[in-house]
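Thank you for making time for this. I would like to walk you through one structure slowly, moving from a single residue to the whole chain and back again.

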Amino acid sequence: MAVRWLCSLFGKPFDGGKRMDHGSQQQHPAMNRLYEVQREVQSLGPQVCTFSGLKNEREYRRLERELTQLLLEVDQVDTEGRADLQGARKRAAQEVEGLLRYLEENATHPSRLAIEELSREAQRLVEQGVVEPQRAGGTAEISDELVDAVQELILRLTQVKTGGRVPLRKARYRALTRLCAVQDIIEGRTRQQTLPLSEDTHVAVQRINQVMVHVSGARSQLVALLMGLSGRDSCAHLSRVLTELLVELDALDVSGNAAVRNYRKQVVEEINSLLKHLDLEGEGDDTRRYDLGQNDSIRQIEAVRGRVGQLQGEVLRHCGVGDLFRPKPELQSLLTHLDQVDTARNPCIREARRRAVLEVQAVITFLDLREALICRQPSPNEPSQHRAVWIVLGSLSDLQAQVLCFNGKQADKSYMLLEELLTKQLLALDAVDPQGDEMTKVARKQAVKFAQNILSFLDMKTDEWEY
């Protein structure tokens, strides 16, 4: 796209042709007007690049209207048949048209529409399960089905592809952060252990109990706000209400009664747990947040993956010459490091960590099987069916080596060949008759699981997942 600031935003140099010359032609009225248009384009550019909404939103209509007006103004510039002015007008028109295309492409992109549909599905789910019971004057009963449904939607959102486009990444991040906050709130309610004390315990208990009632209502109100189901209320208003409740609790005299003091502390913690979700209004505007490539946890995960790749290469090279390189202690330490990575309850970071763990485990299981094959010393009386399982395991080991270094797509012939060969090994295992031999039964079961894990790992490597 021949838009200078847009290319630079994505780290690409601008090569859209000659720049407008501010020299001898600067005084020509037509050229001056084109300079003005260019400045307005540069002003609108960052707004277009970061707009993450849909075509029916007010901001989209404003940007579209202003860009269309600029395009009309460019078209009306009289070039008097001069080649230099015609070239400048053409470049200005291309920049404006490029912005209009980029704006529309992102607002109508299949991934953007998928994000919107998942967001609406989440709205319907939360409205029925949380908001409507609260509005009816009751208390929402958070079921396991609701918690599981929210978790499923979060996972589906993480699987939406953005292709690295900033507007799409922002839209996905915004939807994810709100749904993750809702998940945290409703799961917090199911884990809630704070129970009202008897008002006979202390004179302050009655007021603390009343605050708890307000907190229960605020919880449902916050869920409605996060999911866009509360038209009149705002996060700022709810924040003031909760802060006032904190001030009121702090003013209560509960000295001399440890039970009441602990009770108040629990209520304060519940209020603070709600307040931490009230800064989501501007969520996604900070590049460091929606661009997980800049996230410290992702960087740690990627560093581990880089080291695993190096170790895997060494393992496969040694296997190629009949040797066995054994970096298992380091691989185990990398697993420990991944376990300590802080995901901050971010589903994308959790998924990135899970995939990195599977990569480490794949190398470890490959090493374990190779070592078992090398050390295997079958007895002369070994049952033929048991030997058949080991023959399949040898073939699976060779296939896993190819899967480990595979770096293609599901449409590739090499992928289809690997998938076919692995499926054939599963069929070969299915044809093995244990004939009542328990050792063969166990070995065949483990071999089947091993083959299925290799297939799953191959699929994971080709599903084009992104964080």
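Predicted model: local features only at pLDDT ≥ 70, side-chain atom pairs only at ≥ 80, totals over all residues.

Let me begin with Glu382, which counts as buried at 10% relative accessibility, because the limit for that word is a relative accessible area under 20%. Glu382 forms a salt bridge with Arg387, and the closest N and O atoms of the two are 3.8 Å apart.

The mean pLDDT of the protein is 83, and 87% of its residues reach 70 or more. Over residues 1–5, however, the pLDDT is below 50, although this stretch has 22 contacts in the model beyond near neighbours in sequence. Residues 7–26 also stay under 50 in pLDDT, and for them the model has 30 contacts beyond four places in sequence.

Now for the chain as a whole. The secondary structure comes to 17 helices and 0 strands, and of the 467 residues of the protein, 43% count as buried. If we take the contacts with a separation of 6 or more, residues 24 or more positions apart account for 74% of them. The accessible surface comes to about 24900 Å², and 48% of that belongs to carbon and sulfur atoms.

Let us return to salt bridges, of which the structure holds 30. In one of them the side chains of Arg355 and Glu351 meet, with 3.0 Å from N to O. Both of these residues lie in helix 14, which covers residues 347–375, and they are 4 residues apart, or about one turn of the helix.

Glu438 and Lys441 are separated by about one helical turn, because they are 3 residues apart in helix 17, which covers residues 438–461. Here Glu438 is exposed, with a relative accessible area of 52%, while Lys441 is partly exposed, with a relative accessible area of 39%. There is also a network of salt bridges, and the residues linked in it are Arg33, Glu36, Glu40 and Glu73.

Next, the aromatic rings. A pair of aromatic rings is described by the distance of the centres and the angle of the planes. How many aromatic pairs does a search of the whole structure find? The search finds 2 aromatic pairs. In one, the rings of Phe51 and Tyr60 have their centres 6.0 Å apart and their planes at 45 degrees, so the pair is tilted. Phe51 is buried, with a relative accessible area of 8%, and Tyr60 is buried as well, with a relative accessible area of 2%. In the other pair, the rings of Phe406 and Tyr415 have their centres 6.3 Å apart and their planes at 45 degrees, which means that this pair, too, is tilted. Phe406 counts as buried at 8% relative accessibility, and Tyr415 is buried with a relative accessible area of 4%.

I will close with two residues in other helices. Arg172 is found in helix 7, which covers residues 166–191, and Arg172 counts as buried because its relative accessibility is 4%. Which residues is Arg172 in contact with, leaving aside its neighbours within four places in sequence? The residues in contact with Arg172 are Ile115, Leu157, Thr158, Val160, Thr162, Cys348, Glu466 and Tyr467.

The other residue is Gln134, which lies in helix 5, covering residues 110–135. Gln134 is partly exposed, with a relative accessible area of 25%. Gln134 and Arg219 are 85 residues apart in sequence, while in space their C-alpha atoms are 9.8 Å apart.

Technical notes: Residues numbered from 1 in each chain as written. Heavy atoms only, no water. Buried < 20%, exposed > 50% of the residue type's maximum accessible area, 1.4 Å probe, protein only. Contact = heavy atoms within 4.5 Å. Areas by Shrake-Rupley, 256 points an atom, 1.4 Å probe, with all protein chains shown as cover. pLDDT = per-residue confidence, 0-100. Salt bridge = Lys/Arg side-chain N within 4 Å of Asp/Glu carboxyl O. Phe/Tyr/Trp six-rings, centres within 6.5 Å; stacked < 30°, edge-to-face > 60°.
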